[in-house]
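Here is a short report on one protein chain. Look over the sequence and the 3D view, then read on.

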Amino acid sequence: MDTQALQALQEEDGRLRDLQRELKILLPKRRAEAKARLQAAQDAVEAAVQENLAAEREYRRYARDYDRQRERMARAERNASGQTSARALFAADKEHRDAAEASQAALAGAAEADAARSPTERKLDAARKFELEEEDAVREIFAMLDARKQQVEAEEEKVKARRDELAQAVPAGQLRYYERLRLTRWPCLSVFNRAEGVCTGCNLVQPPSVAQAVAHADKDPAGSAMVTCPACGRILI
Ligand SMILES: [Zn+2]
């Protein structure tokens, strides 16, 4: 049988499949990747915000403690000034010393927490800057993907029209078989390895009857029927 028209149709359908794969799989995948990239930058900002807030809270906690200890010292001083007994004076003095010690510890803690604050602020600034850069980059990628999508859709229309035209040149029986087969098998045409009797579509050795049918078709392309692989169903050429 003559499969020239069918081969031309399959070639065009191959182009159509590539375009459809780009539309359905590749472009959405690249869009999702760009989205994930932006999300990662946003997550980093959120993490830096939380870290910075924690450092801020830590600093305030020490600062409040320092204020409390200073008040405690003042109270102890006022208390001591009204006392006459040695025992009460001793107790007030001890309270004052304890409060002074605690206030020093709070002060040291606040200084440490304050020092830890600037790195978290710097980190937050850096994360925000990176987020802005990523927003620009991702916006550009989206614009590029949109443009490509339009291009592919326009090309798809052209290829569809072309394949419909090519289909008209294919003998009806071949076309029916091919249209059904292409839903489950691709490519639909496969070369029959005449020396080894193998269908190169499924790589299985075929019975002698298949080799005979192919040999017959080779001799009289116009007058013979279409030969298909009994194993995978592909049209043998
Ligand atoms: Zn096969």
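Start with Ala92. Ala92 is partly exposed, because 19 other C-beta atoms lie within 10 Å. The cut-offs are as follows: a residue is buried if 20 or more other C-beta atoms lie within 10 Å of its own, exposed if 12 or fewer, and partly exposed in between, with C-beta atoms placed from the backbone. Ala92 lies in helix H2. Helices (H or I, at least four residues) and strands (E, at least two) are DSSP runs, numbered from the N terminus.

What does Ala92 touch, not counting residues up to four places away in sequence? The answer is Ala76, Asn79, Ala80 and Gln83. Two residues are in contact if their C-beta atoms, placed from the backbone, lie within 7 Å. Ala92 and Ala76 are 16 residues apart along the chain, and their C-alpha atoms are separated by 5.4 Å.

## How to read the model

This is a predicted model, in which local features need pLDDT of at least 70, side-chain atom pairs count only at pLDDT 80 or more, and totals for chains, interfaces and linings use all residues. Residues are numbered from 1 along each chain as its sequence is written.

## Two helices, side by side

Helix H2 covers residues 86-167. Helix H1 covers 4-81. Two packed helices are described by the angle between their axes and the distance between the axes. The axes of H1 and H2 come within 5 Å and cross at roughly 170°. That makes H1 roughly antiparallel to H2. Axes are lines fitted to C-alpha atoms, for helices over the stretch in contact, and angles run from 0 to 180 degrees between N-to-C directions. Angles under 35 degrees count as roughly parallel, over 145 as roughly antiparallel, 65 to 115 as roughly perpendicular and the rest as oblique. H1 passes H2 in a left-handed crossing; that is, the near helix is turned anticlockwise from the far one by less than a right angle.

Is Ala108 buried or exposed? Ala108 is exposed, because 12 other C-beta atoms lie within 10 Å. The C-alpha atoms of Ala108 and Tyr62 are separated by 8.5 Å. Along the chain, Ala108 and Tyr62 are 46 residues apart.

Leu27 is in H1. Leu27 is partly exposed, with 16 other C-beta atoms within 10 Å. Setting aside neighbours within four places in sequence, Leu27 is in contact with Glu22, Leu145, Arg148 and Lys149. Val205 is 178 residues from Leu27 in sequence. In space, Leu27 and Val205 are 40 Å apart, C-alpha to C-alpha.

## Two domains

The domain assignment gives domain 1 (4-170) and domain 2 (176-236). Such bounds come from an automatic or database domain assignment. How far apart do the C-alpha centres of domain 1 and domain 2 lie? They lie 59 Å apart. Even so, 4 residues of domain 1 are in contact with 5 residues of domain 2.

## The largest nonpolar core

The largest nonpolar core has 15 residues. A nonpolar core is a set of buried Ala, Val, Leu, Ile, Met, Phe, Trp, Tyr and Cys residues joined through C-beta atoms within 7 Å. Which residues touch the most other members of this core? They are Val214, Val227 and Leu236. Helix H1, helix H4 (208-219) and strand S5 (235-236) each supply at least two residues of the core. H4 gives the most, with 4 residues. Domain 1 and domain 2 each provide at least three residues of this core.

Take Val214 from this core. Leaving aside neighbours within four places in sequence, Val214 is in contact with Phe192, Arg194, Val227 and Leu236.

## Loops to look at

Pro230 lies in the loop between H4 and S5. Pro230 is partly exposed, with 13 other C-beta atoms within 10 Å. Beyond neighbours within four places in sequence, Pro230 is in contact with Gln206 and Val210. Pro230 and Val210 are 20 residues apart in sequence, and their C-alpha atoms are 8.2 Å apart.

Pro187 is in the loop between helix H3 (172-181) and strand S1 (189-190). A cis peptide bond joins Trp186 and Pro187, with omega about -5°. Asn203 sits in the loop between strand S3 (198-199) and strand S4 (204-205). Asn203 is not a glycine, yet has a positive phi of about 65°. Asn203 is exposed, with 11 other C-beta atoms within 10 Å.
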